[in-house]
Amino acid sequence: MQIKVAVAYHSGYGHTAKQAAAVAAGAEKVPDTQVSLVSLAELNDELWEVLQESDALIFGTPTYMGGSSAVFRAFVEATSQVWGDNMRWKNKIAGGFTNSGNMAGDKLNALIDIALFAAQHGMVWVGLAEYGGWNTSSGSPEDLNRLGSWLGAMSQSNNDEGADVTPCASDLRTAEALGRRIAETAHIHKAGRAAVGFDEVSA
């Protein structure tokens, strides 16, 4: 059984786009998974069609001033038409990721914003299932999940370095882990609903 995963993101300077590509790469490692990497910079018919046809939607935004970007918020508000049309994204698998310049940067607030958005659409949220890293004297920035996030994947990019340098490799591996887990969960979810006779995820 094949599933479709859409990684839908906004990126202001390329760092979140690099993180999005890593999320997509992780999802693609799961057999029978078709992945679409789509920018939210332009809300067109093709974008809405890709999102509607997908079994899982993984949303990404940079964290600006403690929250999601204005471009991402514009997308969120535009989805009210999807929500108003019999909650067309209900039961799709969802997840999220974000990047900021500071180690903390209040990135958790951006992930909560995405999770609440997914909940309002009746989607099923999947977080990151990896121990937090870089939290002992023997730990290092190379640890998986070095920023200790579980609601979604976090990455950090120095403000004076471009996307050719940051996010670091461990943050990208963490993003891959999230993409892989969401794709695996989407397969289980779709197969399970079919096995018990429920309607499949709307597509």
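1. Two strands are said to pair if DSSP finds at least two bridges between them. With that in mind, and remembering throughout that this is a predicted model, one can look at β3 and strand β4 (residues 67-68), which pair in the antiparallel sense over two bridges. β3 and β4 form a hairpin with two residues between them, and M65 in the turn has a positive phi of about 50°. Within this pairing, the bridge partner of T63 in β4 is S68.

2. The other pairings of β3 listed here are parallel: β3 is joined to β5 by seven bridges, with G60 standing opposite F97 in β5, and β3 pairs with β1 over five bridges, where the partner of V7 in β3 is I58. Eight of the nine residues of β3 are buried, so this strand is largely enclosed by the rest of the structure.

3. β1 also runs parallel to β2, the two being joined by seven bridges, and K4 has Q34 as its bridge partner in β2. Together with helix α1 (residues 15-28), β1 and β2 make a right-handed β-α-β unit.

4. Helix α2 (residues 45-53) has L47, V50, L51 and Q52 as its buried residues. These buried residues pack against β1 (3-9), β2 (33-39), β3 (56-64) and α3 (70-78).

5. V82 is found in helix α4 (residues 80-84). Is V82 buried or exposed? V82 has a relative accessible area of 5%, and because the cut-off for buried is under 20%, V82 counts as buried. Leaving aside its neighbours within four places in sequence, V82 is in contact with W48, M87, R88, W89 and H121. The C-alpha atoms of V82 and D160, which lie 78 residues apart along the chain, are separated by 39 Å.

6. The largest pocket has a volume of about 270 Å³, and of the 19 residues that line the pocket, the closest to its centre are Y13, Y64, S100, G101 and N159. α1, β3 and β5 (93-100) each supply at least two residues of this lining, and the largest share, three residues, comes from β3.

7. As to annotation, UniProt lists residues 5-155 as "domain: Flavodoxin-like" in an unreviewed entry. In the model, the end C-alpha atoms of residues 5-155 lie 21 Å apart, and the span is 34% helix and 24% strand.

Terms used: Residues are numbered from 1 along each chain as its sequence is written. This is a predicted model: local features need pLDDT of at least 70, side-chain atom pairs count only at pLDDT 80 or more; totals for chains, interfaces and linings use all residues. Side-chain values use heavy atoms; hydrogens and water are left out. UniProt positions are given in the numbering used here, feature names are shortened, and annotations may be inferred rather than shown by experiment. Helices (H or I, at least four residues) and strands (E, at least two) are DSSP runs, numbered from the N terminus. Buried means under 20% relative accessible area, exposed over 50%, partly exposed in between (1.4 Å probe, protein chains only). Contact means heavy atoms within 4.5 Å. A crossover is right-handed if, with the strands pointing away from the viewer, the path from the first strand over the helix to the second runs clockwise. On a 1 Å grid over the protein atoms alone, a cavity is a set of points where a 1.4 Å probe fits but cannot get out, and a pocket is an open set with protein on both sides within 12 Å along at least five of seven lines; lining residues have an atom within 4 Å of a point. Grid points are joined across faces, edges and corners, and a volume is the space filled by probe spheres set on the points.
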